[in-house]
Amino acid sequence: MKRALRIVGAGVFALAWAAALLFPLPAAAPAAQERYSCAWEGESTQESYASAYAALAGAGEEGVLLVRGSERGVIAPTQAYEELYSTLTQGSFAPLLAATAQGLTRIERAAVWRTFSPRLWYADEWFAWTGEGVARTQPGARFDGSTLVLFSDPPPAVQLAQLGTRTLIFRDAGTVTARDLVGTRIERVSIPAPYAFSKGVVTLDTAGGRRIVCGVPAARTLVLPDADFADEGALLACEELEELTLPFAGSAKSGEGTQFRGEFAHLFCDDGRYRVPPSLKKVTVTGGVLTAFAFYACGGLEEIVACGVAEEDVSSQAFLGADGLRVLHSPRRDVRLAGAFSQTALPCGCTLFVRSD
C-alpha cells in the first residue's frame with residue numbers, strides 16, 4: 001500500500017513539474033527588486049530600490065525626489081501616489097482619515113514616510129502618518145513638530161513651543177490671534193481667505209476693512225501692510241522685534257470714532273498692560289494720526305520716523321513719553337521733546353531732531 005502511494009505521488013509530482021514548464025505562473029518580483037525610472041537633468045536612469053533609497057530626498061508633488069551631489073532627480077509617481085500626496089497636502093479632514101498607502105511602490109512608501117512622518121495634523125486631537133494611513137496619536141519624541149496642519153483653532157501656545165513648531169497650515173477652518181503665538185517660534189502661517197499672510201503678518205479682510213491680526217514671533221524686522229484697523233495686542237507675540245514699519249499708530253488709520261486708541265503700544269497691549277519689547281529700537285510710521293503721547297510706554301525706542309504722516313495729523317505732544325528717543329524725523333517742527341535736541345531742516349520738509357545731551 002505504501003509503495004503504491006509513493007508511485008502515485010511521484011507521478012503527480014512529475015505531472016505538476018511538466019505543467020509548470022509548459023504553463024509557468026507569473027512571478028511577482030520582491031519589492032526590493034523593483035526598478036524605477038528616474039529623470040535627471042538631461043538624462044534618465046534605472047534605479048534599484050537600494051540606489052534610489054541612498055539618494056532619497058523625500059516626497060514632492062511631481063514624484064519621489066532624489067538628490068546626488070548637486071543633481072536632482074524625480075521618479076514619476078503612480079496614480080496611488082498622486083492621490084495620496086494630494087490628500088496629505090490639501091483638502092478636508094474626512095479624506096485625510098481615509099488616506100492609505102495601498103498601491104504605492106516601495107520607494108514611494110519610503111518617500112512618503114520621510115516627508116510626512118514628522119508632520120502632525122490637529123483637529124482638537126493629534127493625528128500622524130503611520131506608514132499605512134493617518135491615525136490618532138500623542139506628540140512624542142519622533143515628531144519634530146516643525147510643521148503643524150490645523151483643521152481647528154490651534155492648540156495651546158505652550159504645546160506649539162514644546163514641539164518647536166515653525167509653520168502653521170490652516171485647512172478648512174480655524175482662527176488665529178497673537179495670543180495663540182506668544183512664546184512660540186512660529187515663522188510662517190498659511191491660512192485661507194478671508195485671512196492672508198505676507199512677510200510675517202496675518203491680516204483679515206472684513207466688511208469694515210482690512211485688520212492687522214498678528215505678527216509672527218520669529219520676526220526681527222516687520223513691515224506691516226496697508227490696513228484700516230489693528231487688533232489690540234496684534235504684535236504681542238513679537239517679543240524680539242527690533243525694527244517696525246507700520247501704516248498708522250494705534251487702533252485705526254482714520255483716528256475717528258469713540259473706540260479709537262492712538263497709542264502705538266496698542267499693538268502690544270495685554271489685558272490693559274503695555275508690553276512693548278525692549279529690543280524694539282526703530283519705528284517708522286507712514287500714515288494715520290499721531291495723538292498726544294502716542295509713544296507712551298515706549299521708553300526703549302531710540303528712533304522714530306514719521307515723515308509719511310501729514311503735519312496737521314501730528315500732535316505737538318506726540319513724542320512725549322518716549323524718553324529714550326535719540327533721533328526723530330518729524331513733519332512738524334514745534335514738537336515737544338524730553339531732553340536737548342539739535343534741529344536740521346530736511347529736503348522733504350521735515351525736521352530731523354538729534355539728541356545732544
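Student: Which residues touch the most other members of the largest nonpolar core?
Tutor: A word on the model before we look: it is predicted, so to speak of local features takes a pLDDT of at least 70 and side-chain atom pairs count only at pLDDT 80 or more, while totals for chains, interfaces and linings use all residues. Residues are numbered from 1 along each chain as its sequence is written, and side-chain values use heavy atoms, with hydrogens and water left out. A nonpolar core is a set of buried Ala, Val, Leu, Ile, Met, Phe, Trp, Tyr and Cys residues joined through side-chain atoms within 4.5 Å, where buried means under 20% relative accessible area, exposed over 50% and partly exposed in between (1.4 Å probe, protein chains only). The largest core has 65 residues, and those touching the most other members are Phe264, Leu290, Phe295 and Phe319.

Student: Which residues does a second, separate core include?
Tutor: Let's stay with Phe319 for a moment: among the residues it touches are Leu290, Phe295 and Ile304, not counting residues up to four places away in sequence. A second core of 32 residues is separate, and it includes Ala55, Val64, Phe116 and Ala123.

Student: What radius of gyration does the protein have?
Tutor: The C-alpha trace spans about 120 × 45 × 35 Å along its principal axes. The radius of gyration is taken over C-alpha atoms, and the globule rule is 2.2 Å times the number of residues to the power 0.38. A compact globule of 357 residues would come near 21 Å, but this protein has 31 Å.

Student: Which residues of helix α3 are buried, and within what arc do they fall?
Tutor: Helices (H or I, at least four residues) and strands (E, at least two) are DSSP runs, numbered from the N terminus. In α3, residues 79-89, the buried ones are Tyr81, Leu84, Tyr85, Thr87 and Leu88. They line one face of the helix, because seen down its axis (using directions from the axis to the C-beta atoms) they fall within an arc of 165 degrees.

Student: How many residues apart are Arg185 and Glu240, which meet in a salt bridge?
Tutor: A salt bridge is a side-chain nitrogen of Lys or Arg within 4 Å of a carboxyl oxygen of Asp or Glu, and Arg185 and Glu240 meet at 3.5 Å, N to O. Arg185 sits in the loop between β10 and β11 and Glu240 in the loop between β16 and β17, a separation of 55 residues.

Student: Why does the salt bridge of Lys253 and Asp226 tie together parts of the chain, and how far apart are they in sequence?
Tutor: The closest N and O atoms of Lys253 and Asp226 are 2.4 Å apart. Because Lys253 lies in the loop between β17 and β18 and Asp226 in the loop between β15 and β16, the pair joins parts whose separation in sequence is 27 residues.

Student: Which peptide bond is cis?
Tutor: Most peptide bonds are trans. Here, Pro194 lies in the loop between β11 and β12. With omega near 10 degrees, the cis bond runs from Ala193 to Pro194.

Student: Is Lys199, with its positive phi, buried or exposed?
Tutor: Lys199 is found in the loop between β12 and β13, and its phi is near 50 degrees. Asp124 also has a positive phi, near 65 degrees, and at 58% relative accessibility Asp124 counts as exposed. For Lys199, the relative accessibility is 71%, so it counts as exposed.

Key:
Contact = heavy atoms within 4.5 Å.
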